[in-house]
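Student: I would like to go through the pockets of this structure. Please show it first.
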Amino acid sequence: MRTDWVLFAEDYDEMTTTVVAPARDGDSAAEVLEGAIIESSTDASPFARFRRRFFADKVSLFALFILVVIVLGAVFATWLTPFEPEATDAINRFQSPSRAHWLGTDDLGRDTFTRLLYAGRVSLAASLLAVVVAVGIGAPLGLLAGYLGGRWDGFLSRGADLLLSLIHI
């Protein structure tokens, strides 16, 4: 016996109902819909639908929590640690984790947790700069290529392909 999937969708202005059900040869519509999985959404916008699904997923919320903790730790590193990131202490070299040094110390006696938080600042700043530059250059070039079309579109596309291929070299 062959099993296929039937997709039944309705769209009444802002309300959407989607039914996904297994169908077998000879089944009537009522038999197919009897064991169906039904998703109903009355959200007006795609963002509202995304928000509803995102906050319903526990793994997504946990990942968001971890991301917020990392960003807040990097932003407030000055107030979270009593040590300077570059301050050395030859007496406390290679210390294991303790109350004073949560992640221990390195070969120069610097607090590893402090250095980790301050390094997070540098990483966040570099990634933010990369996004700003990419959007600041890519969006106007993409708009220009779309508006002018033709040879300009091809020229700008080949230029983008060239830049993307240089990353792998």
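Tutor: Start with the second largest pocket: H5 supplies the largest share of its lining, six residues. This is a predicted model, where local features need pLDDT of at least 70, side-chain atom pairs count only at pLDDT 80 or more, and totals for chains, interfaces and linings use all residues. Residues are numbered from 1 along each chain as its sequence is written, and side-chain values use heavy atoms, without hydrogens and water.

Student: What makes a residue part of a pocket lining?
Tutor: An atom within 4 Å of a pocket point; on a 1 Å grid over the protein atoms alone, a pocket is an open set with protein on both sides within 12 Å along at least five of seven lines. Among the residues that line the second largest pocket are Val-69, Phe-113 and Leu-124.

Student: Which helices each supply at least two residues of that lining?
Tutor: Helix H3 (58–75) and H5. Helices are DSSP runs (H or I, at least four residues), numbered from the N terminus.

Student: How many residues of the lining of the second largest pocket are charged?
Tutor: None: the lining divides into seven nonpolar and three polar residues. Asp, Glu, Lys and Arg count as charged; Ala, Val, Leu, Ile, Met, Phe, Trp, Tyr, Cys and Pro as nonpolar; the others, Gly among them, as polar.

Student: Which helix gives the most to the lining of the largest pocket?
Tutor: H6, with seven residues.

Conventions:
On a 1 Å grid over the protein atoms alone, a cavity is a set of points where a 1.4 Å probe fits but cannot get out, and a pocket is an open set with protein on both sides within 12 Å along at least five of seven lines; lining residues have an atom within 4 Å of a point.
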